[in-house]
Structures are given as C-alpha cells and as structure tokens.
Amino acid sequence: MFAVGDYVIYGYEGVCHVDGIGCPNVSGLDRSKQYYTLTPHYHGGTIYAPVDGRVLIRPLISRDELDALLPQLPKLPLLDDVPENSRMAGDYYRTILAGHDCTMLLRLCKTLHARQAERAVSRKSVSSTELRNWKTAEEMIQGEFAFVLGIAPSEVGSYLQQKSS
C-alpha cells in the first residue's frame with residue numbers, strides 16, 4: 001500500500017501524487033472500499049482510485065533504476081512477437097501499455113520506430129493503431145522519466161539519445 005505524499009504511476013494518467021487514503025465523501029463511490037485520492041502531476045483534476053482496483057498503480061522508477069536502464073537502450077531487442085492481425089496487435093500493445101513496465105514500453109517505441117523507418121522507404125507509414133500506441137508509450141515514458149530526472153517531458157527524448165550514445 002502507498003502512503004500519503006508518495007508519487008505513483010496510475011494507469012494511463014501517469015505520475016500522480018497520493019493526497020489521501022480512505023473513503024472520500026463523494027457520491028457514487030462504494031462506501032465499503034478504501035480509495036487513494038490522487039492528483040495527476042501533469043494534468044488537473046482528482047482521481048479516486050480503489051486501493052484494490054484493477055488499474056495498475058506502481059511506484060515510480062528510481063533514479064538508480066533509470067541510470068541502470070539507460071546504457072541498455074541501444075541493446076534492447078525489438079518486440080518479435082507482435083501479432084500480424086491488426087486487431088490482435090492492438091490488444092498486444094494495450095497489454096504492454098497497461099503493464100507500465102519501462103523496459104517493455106521502450107521496446108514498443110523502438111519496435112514501432114524501426115517499423116516506421118522500414119516503411120518510409122516505400123513511402124508508407126505505420127498503422128493508426130501503431131501510431132496511437134507508440135504516442136501513448138512515449139508519453140508514459142516521457143512523463144515518468146521527466147519527473148524522476150527533474151526535467152520537462154519534452155527534454156526526455158534528447159536526454160535518452162545523449163545518455164544511450
């Protein structure tokens with residue numbers, strides 16, 4: 001369980017601050033459950049997330065874990081088990097996004113970047129499903145890494161290129 005004051009990754013929302021734990025006085029919430037009251041770091045609003053909910057809530061990657069991951073970036077393998085069927089591929093990508101594993105998100109981005117480069121030769125592009133999931137994965141990585149590094153999300157790409165070269 002997380003504590004008030006912690007920063008966590010919550011679903012597709014990304015970095016959130018844990019403002020409270022308990023049963024808030026909000027209509028529509030199950031009074032028999034405990035909720036995290038979360039404030040998204042990069043967006044406004046308040047989220048009431050069940051402590052035992054289905055949406056993944058995990059701690060942020062630590063600076064040490066991030067520093068250990070960066071030298072591995074050039075060696076990260078492409079995803080080699082993406083289904084050919086676009087519908088199944090979309091489900092596959094959503095599973096990776098929902099898992100919030102930084103290494104898998106980076107592999108997804110690297111795979112789709114390689115596909116885009118390969119298809120650009122014949123003046124084609126990745127599918128809209130691939131593009132949407134690629135953008136989501138990048139936003140998730142940029143938000144978390146930016147928070148941990150103390151930089152703007154827009155600076156993460158150049159930071160990663162610099163550190164992985």
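# A walk through the sheet and its helices

Let's start at one residue: setting aside neighbours within four places in sequence, His100 is in contact (heavy atoms within 4.5 Å) with Ile9, Gly11, Tyr12, Leu56, Arg58, Leu105 and Met140. Before going on, note that this is a predicted model, in which local features need pLDDT of at least 70 and side-chain atom pairs count only at pLDDT 80 or more, while totals for chains, interfaces and linings use all residues. Residues are numbered from 1 along each chain as its sequence is written, and side-chain values use heavy atoms, with hydrogens and water left out.

Where does His100 sit? His100 lies in the loop between helix 2 (86-99) and helix 3. Helices (H or I, at least four residues) and strands (E, at least two) are DSSP runs here, numbered from the N terminus. Is His100 buried or exposed? With a relative accessible area of 4%, His100 is buried; the word buried means under 20% relative accessible area, exposed means over 50%, and partly exposed is in between, using a 1.4 Å probe and protein chains only. His100 also has a positive phi of about 55 degrees, although it is not a glycine.

Now turn to the sheet. Strands of a sheet pair through backbone hydrogen bonds, either parallel or antiparallel. In this model, two strands count as paired if DSSP finds at least two bridges between them. Five strands form an open sheet in the order 4-3-2-1-5, and their pairing is antiparallel. Strand 4 (47-50) and strand 5 (57-59) stand at the edges with a single partner strand each, so one side of each has no neighbour in the sheet. From one strand to the next, the twist averages 45 degrees; for such angles, axes are lines fitted to C-alpha atoms, for helices over the stretch in contact, and the values run from 0 to 180 degrees between N-to-C directions.

Three bridges pair strand 5 with strand 1 (residues 7-10) in the antiparallel sense, and Arg58 in strand 5 is the bridge partner of Ile9. Strand 5 also holds Ile57, which counts as buried at 17% relative accessibility. Not counting residues up to four places away in sequence, Ile57 touches Phe2, Val8, Ile9, Tyr10, Tyr36 and Ala49.

Further across, strand 2 and strand 3 run antiparallel and are joined by six bridges. Here Ile21 has Tyr36 in strand 3 as its bridge partner. Strand 3 (residues 35-40) has five of its six residues buried, so it is largely enclosed by the rest of the structure.

Next come the helices. Two packed helices are described by the angle between their axes and the distance between the axes. Helix 3 (residues 102-120) and helix 4 have axes that come within 9 Å and cross at roughly 135 degrees. Helix 3 and helix 4 are therefore oblique to each other: angles under 35 degrees count as roughly parallel, over 145 as roughly antiparallel, 65 to 115 as roughly perpendicular and the rest as oblique.

Helix 4 has another helix to meet. The axes of helix 4 and helix 5 (residues 156-164) are 10 Å apart, and the two pack at an angle of about 75 degrees. That makes helix 4 roughly perpendicular to helix 5. Ile141, Gln142, Phe145, Ala146 and Leu149 in helix 4 meet Val156, Tyr159 and Leu160 in helix 5. By class, this contact has seven nonpolar residues, one polar and no charged ones.

One last stop is Arg123, in the loop between helix 3 and helix 4. Arg123 counts as exposed, at 82% relative accessibility. Its phi is near 60 degrees, a positive value in a residue other than glycine.

Conventions: Nonpolar A, V, L, I, M, F, W, Y, C, P; charged D, E, K, R; others polar.
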